[in-house]
Each structure stands twice: as structure tokens, then as C-alpha cells.
Amino acid sequence: MFEGDRILLVHEKNGTWALPGGWCDVDRAVGENAVKETLEEAGLTVTAERLIAVQDCRRHNDPASAYGIAKVFFLCRRVGGDFAPNLETTESGYFALDE
């Protein structure tokens with residue numbers, strides 16, 4: 001999710017910063033899952049506006065996964081909400097693309 005020219009990242013409990021995301025539930029469309037994961041990890045209610053990228057992890061990650069995993073990225077618009085620490089993340093923030 002972008003706010004102006006900055007992107008939302010969450011600080012995961014393992015110490016890394018990442019885009020909100022997770023495994024897609026079998027009963028949800030991928031866009032619905034992006035909305036769910038953003039609420040769970042960042043505390044934000046969003047709408048998934050459009051698909052912006054698909055990454056085939058077998059072709060783009062080293063080492064390649066033994067599983068057929070694809071990461072699907074959506075541009076989302078914030079509707080409301082505020083961050084609260086949770087089971088997966090300790091904080092969130094907006095960062096410039098060059099940070």
C-alpha cells in the first residue's frame with residue numbers, strides 16, 4: 001500500500017521489515033486475502049484496487065522452492081484503521097522507495 005510516494009511495511013517478529021502478506025486461504029480470492037492480511041498484520045482496512053505484480057518463486061528466488069509458490073501483489077487503498085501489535089508484527093511504517 002502506498003501513501004503518497006511512500007510504501008507501507010510491517011516489522012515482523014523475526015526482525016525483518018516486509019510487505020503485509022501471507023498464505024492465501026483456499027476459500028478466498030487473492031485480492032480478498034490481501035485485504036485480510038493487511039488488516040491482520042497492519043491493523044488497516046484497505047480495498048484491493050488492482051493487481052500490480054506476480055512473482056513465480058521457482059524462477060525468482062534462490063534457492064528455488066520445491067513447491068509451486070507464486071506471490072501476488074496488489075495496490076491497495078487505505079480506508080481506515082490503526083496499527084496494534086499482534087501475533088505476527090510489532091510495528092508498521094511508511095517508507096520512501098529508496099529507504
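A polar contact is a pair of N or O atoms within 3.5 Å, where, within protein, one atom must be able to donate a hydrogen and the other to accept it, and where residues adjacent in sequence count only if both atoms are side-chain atoms. One such case is Thr 38, whose side chain reaches the backbone oxygen of Ala 34 at 2.8 Å. The model is a predicted one, in which local features need pLDDT of at least 70 and side-chain atom pairs count only at pLDDT 80 or more, while totals for chains, interfaces and linings use all residues. Residues are numbered from 1 along each chain as its sequence is written, and side-chain values use heavy atoms, with hydrogens and water left out.

Thr 38 has its place in helix α1, where helices (H or I, at least four residues) and strands (E, at least two) are DSSP runs numbered from the N terminus. Thr 38 counts as buried because its relative accessibility is 7%; buried means under 20% relative accessible area, exposed means over 50%, and partly exposed lies in between, with a 1.4 Å probe and protein chains only. Leaving aside neighbours within four places in sequence, Thr 38 is in contact (heavy atoms within 4.5 Å) with Pro 20, Gly 43, Leu 44 and Val 46. Glu 37 also belongs to helix α1, and, at 6% relative accessibility, Glu 37 counts as buried. With neighbours within four places in sequence again left aside, Glu 37 is in contact with Pro 20, Gly 21, Gly 22, Trp 23 and Ala 42.

In soluble globular proteins, nonpolar side chains tend to be buried together. A nonpolar core is here a set of buried Ala, Val, Leu, Ile, Met, Phe, Trp, Tyr and Cys residues joined through side-chain atoms within 4.5 Å. The largest one has nine residues, namely Leu 8, Val 10, Ala 34, Ala 42, Leu 44, Val 46, Phe 74, Cys 76 and Tyr 94. Two or more residues of this core come from each of β2 (6-12), α1 (30-42), β4 (44-56) and β5 (70-81).

Thr 47 lies in strand β4 and is partly exposed, with a relative accessible area of 34%. Not counting residues up to four places away in sequence, Thr 47 touches Val 35, Leu 75, Cys 76, Arg 77 and Val 79, and a polar contact of 2.7 Å joins the side chains of Thr 47 and Glu 49. Between Thr 47 and Val 30, which are 17 residues apart along the chain, the C-alpha atoms are separated by 12 Å. Val 30 is found in helix α1 and counts as partly exposed at 41% relative accessibility. Apart from its neighbours within four places in sequence, Val 30 is in contact with Cys 24, Val 72 and Phe 74.

Val 72 belongs to strand β5 and is partly exposed, with a relative accessible area of 34%. Its contacts, leaving aside neighbours within four places in sequence, are with Val 30, Leu 51 and Ala 53. Val 72 and Ala 34 are 38 residues apart along the chain, and their C-alpha atoms are separated by 8.7 Å.

On a 1 Å grid over the protein atoms alone, a pocket is an open set of points where a 1.4 Å probe fits, with protein on both sides within 12 Å along at least five of seven lines, and lining residues have an atom within 4 Å of a point. The lining has 25 residues, of which Pro 20, Gly 21, Gly 22, Lys 71 and Val 72 lie nearest the centre. The largest share of the lining, seven residues, comes from β5.

The structure also holds one aromatic pair, for which ring centres (of Phe, Tyr or the six-membered ring of Trp) must lie within 6.5 Å, with planes under 30 degrees apart counted as stacked, over 60 as edge-to-face and the rest as tilted. Trp 17 and Phe 95 form this edge-to-face pair, at 5.0 Å centre to centre and 70° between the planes. Trp 17 lies in strand β3 (residues 17-18) and Phe 95 in strand β6 (residues 89-96), so the pair ties together parts that are 78 residues apart in sequence.
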